[in-house]
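I opened my notebook to write down what I looked up, one topic at a time.

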Amino acid sequence: WPGVKGDIRIPSFEEWLMKRYKGQFWKTHPARLNFNAWQKCSNEIKVVNIHQGHLMTNFICKGLKGADHTCSSSLLQENTVKNITAELVAAAGRRRLTHQNKSINLNYDILAVYAHS
């Protein structure tokens with residue numbers, strides 16, 4: 001696949017994006033424009049990567065100046081939640097091994113191609 005007879009070409013994300021937004025790109029990324037605008041108001045503007053670690057802990061520890069105690073508390077709480085979650089996942093895995101169901105491959109991708117055709 002793709003296509004029932006391999007006759008449909010799925011464009012890459014880059015190809016789709018360029019076709020969809022051709023001629024609409026900015027010379028400067030909108031996030032950079034916003035950062036530059038806010039930086040005119042204060043030299044203490046920080047950019048925090050929301051994809052790194054837990055969102056709130058990351059924001060508190062890296063984005064808030066002087067929040068050391070709150071950061072420590074948030075990190076401790078995050079680690080506690082991770083430990084509890086790991087224990088629950090392990091217990092669920094042990095239960096799942098005793099109640100394992102056989103499954104079949106439904107080839108969802110092929111069904112989607114046929115539905116599209």
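I first noted the rule I would rely on, namely that a disulfide is a pair of cysteine sulfur atoms within 2.5 Å. I also reminded myself that this is a predicted model.

Entry on the disulfide. I searched the whole structure and found one disulfide, which joins Cys61 to Cys71 with an S to S distance of 2.0 Å. I then looked up the torsion about the S-S bond of Cys61 and Cys71, and because this torsion is about 105 degrees, I wrote the disulfide down as right-handed. The pair links distant parts of the chain, with Cys61 in helix 3 (residues 55-63) and Cys71 in helix 4, ten residues apart.

Entry on the cysteines and their cover. I kept in mind that buried means under 20% relative accessible area and exposed means over 50%, with partly exposed in between. Cys71 has 15% relative accessibility, so I listed Cys71 as buried, whereas Cys61, at 28%, counts as partly exposed. I also looked up Cys41, which counts as exposed because its relative accessibility is 63%.

Entry on Glu78. I located Glu78 in helix 4 (residues 68-98), and I marked Glu78 as buried because its relative accessibility is 15%. Leaving out residues up to four places away in sequence, I found that Glu78 touches His54 and Thr57.

I found a nonpolar surface patch of about 340 Å², made by Phe13, Trp16 and Tyr21. Trp16 lies in helix 1 (residues 13-20), and I recorded Trp16 as partly exposed because its relative accessibility is 41%.

Note on methods:
Residues numbered from 1 in each chain as written. Predicted model: local features only at pLDDT ≥ 70, side-chain atom pairs only at ≥ 80, totals over all residues. Heavy atoms only, no water. Patch = residues over 30% accessible without salt bridge, like charges linked within 9 Å, V, L, I, M, F, W, Y side chains within 5 Å. Areas by Shrake-Rupley, 256 points an atom, 1.4 Å probe, with all protein chains shown as cover. Salt bridge = Lys/Arg side-chain N within 4 Å of Asp/Glu carboxyl O. Helix = DSSP H or I, 4+ residues; strand = E, 2+ residues; numbered from the N terminus. Buried < 20%, exposed > 50% of the residue type's maximum accessible area, 1.4 Å probe, protein only. Contact = heavy atoms within 4.5 Å.
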